[in-house]
Amino acid sequence: MRLAGRTRLGFYPLPLPEAEGIRRFLAFPDKQCCALDPCVGDGAAFAEIASDKSVQRYGVELDAGRAEQARAKGIEVVHGNCFDVQCPVESFSLIYLNPPYDFEISEGKSQRMEKLFLEHVYRWLKPGGILVLVVPAKRIADCTVLLARLFRDIRVYRLTEPESVRYGQVAVFGVRRTRQEIDRLRDAEIIQGQLWLASVEREIQEHSPLSLEPDHLYAAPPSGPVRMVHRGLPLDQIEDLLPKSSAYRQASPVLFAQQADVAGRPLTPLHGGHVGLLCTAGMLNGIFGDGEARHIAHWQSVKLVDKSEEEEDGKTIIREKERFSNELTLVFCTGEIATLK
């Protein structure tokens, strides 16, 4: 995952039209049933998927702001890491799982998060309960062993919204097997299921998209209220107490060092190279001018590629040469923006 994705804690929400499509494939009982999203985010997609009035919704979210947004949508949210949450096994009627698309971030650990989340939460699903797994098609191969053995009536659908196509996402539906069904399962059936799931990436275009008229309806069983307990560190409390710690006070001058002011005239005149270094170092950024000419100046270094073509022995040879140049962006008080290269 890119750094920008990690700063968002892997939050890439499912587009609402896809959530509406998933909802059409689900049927909820007249009695109360419980549904879980272990990566609930702001809760928008999950609230749509589990929108039936008989559904009691639960979620887990690492980000405090998104946890509050999910609570505002009527979801009972545990703020913390899903792997620090304890829950009675076989409690939920439905689990909607759209985990971070990344590897573990620790030394000596390289498993995919999609697999780890599935291994952690599947046991919370009741036999006969419904799993909805949204992952990139190429990551289903990491989950084939568990899916083929523990779930039946598995169907895979392509997601067609632009953001979903960008990540090659699919929605996997399945029903958790009972213990008796698992015991009666033959090895050949498990292997056949694994091979079929592993082929999803290669044959993704052959799978149907989520349609207005579902070709199969997944009925969630009833279930009672669930008690979820977070055994991890209290992240909000730690964040509030951190600025008061002695370690933080010692490290803050380094972590949040103030930019030094530079004043005075140089001893000798500056040549072009000196000026370029000062510009790209940000030491000539600031506010300049008066009246309508007042503006903000921001310098940066940009890489340019010069291309040239040469004819040699009847062939056209394209040569590329990289070089760096300075770029100045000016924002005037009138709203006009100019970029000088």
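How many salt bridges does the count come to? The count comes to 17 salt bridges. Several of them are stops on this tour. Keep in mind throughout that this is a predicted model.

**Whole chain**

Start with everything shown as a cartoon. The protein chain holds 12 helices and 15 strands. Along its principal axes, the C-alpha trace spans about 85 × 70 × 45 Å. The radius of gyration is 28 Å, whereas a compact globule of 341 residues would have one near 20 Å.

The accessible surface of the protein chain is about 20600 Å². Carbon and sulfur atoms own 52% of that area. Of the 341 residues, 38% count as buried. Consider contacts too: among those with a separation of 6 or more, 66% link residues 24 or more positions apart.

**The nonpolar core**

Hide the surface and select Ile22, Leu26, Phe92, Trp124, Phe173 and Met228. These residues touch the most other members of the largest nonpolar core, which has 74 residues. Next, colour strand S7, residues 125–136. Strand S7 gives the most to this core, with seven residues.

Centre on isoleucine 22. Which residues does isoleucine 22 touch, leaving aside those up to four places away in sequence? The partners are Leu14, Ile49, Val132, Val134, Ala171, Phe173 and Leu210. Val132 and Val134 fall within the S7 range of 125–136.

**The loop between S5 and S6**

Move to the loop between strand S5 (85–86) and strand S6 (92–97), and select serine 91 there. Is serine 91 buried or exposed? Serine 91 is buried, with a relative accessible area of 12%. Show its contacts beyond four places in sequence: Trp124, Lys126, Ser223 and Val226.

Step back to glutamate 90, in the loop between S5 and S6. Glutamate 90 counts as partly exposed, at 23% relative accessibility. Check its backbone. Phi is positive, about 55 degrees, although glutamate 90 is not a glycine.

**Salt bridges within helices**

Arginine 71 is partly exposed, with a relative accessible area of 33%.

Jump to helix H5, residues 113–121. Glutamate 119 and lysine 115 both lie in this helix, four residues apart, again about one turn. Their side chains meet in a salt bridge of 4.0 Å, N to O. Glutamate 119 is partly exposed at 29% relative accessible area. Lysine 115 is also partly exposed, at 28%.

**Another pair, and a network**

Select glutamate 189 and arginine 186. Their side chains form a salt bridge, with 3.6 Å between N and O. Glutamate 189 counts as partly exposed at 34% relative accessibility. Arginine 186 is exposed, with a relative accessible area of 56%.

Where does aspartate 153 lie? Aspartate 153 is found in strand S8, residues 151–158. Aspartate 153 is partly exposed, with a relative accessible area of 41%. Read off its phi as well: near 50 degrees, a positive value in a residue other than glycine.

**A surface patch**

For the last stop, bring the surface back and select Leu62, Leu233, Leu235 and Ile238. Together they form a nonpolar patch on the surface, with about 340 Å² of accessible area. Isoleucine 238 sits in helix H10, residues 235–241. Isoleucine 238 is partly exposed, with a relative accessible area of 38%.

Methods:
Residues numbered from 1 in each chain as written. Predicted model: local features only at pLDDT ≥ 70, side-chain atom pairs only at ≥ 80, totals over all residues. Heavy atoms only, no water. Core = buried A, V, L, I, M, F, W, Y, C linked by side-chain atoms within 4.5 Å. Buried < 20%, exposed > 50% of the residue type's maximum accessible area, 1.4 Å probe, protein only. Helix = DSSP H or I, 4+ residues; strand = E, 2+ residues; numbered from the N terminus. Contact = heavy atoms within 4.5 Å. Patch = residues over 30% accessible without salt bridge, like charges linked within 9 Å, V, L, I, M, F, W, Y side chains within 5 Å. Areas by Shrake-Rupley, 256 points an atom, 1.4 Å probe, with all protein chains shown as cover. Rg over C-alpha atoms; globule rule 2.2 N^0.38 Å.
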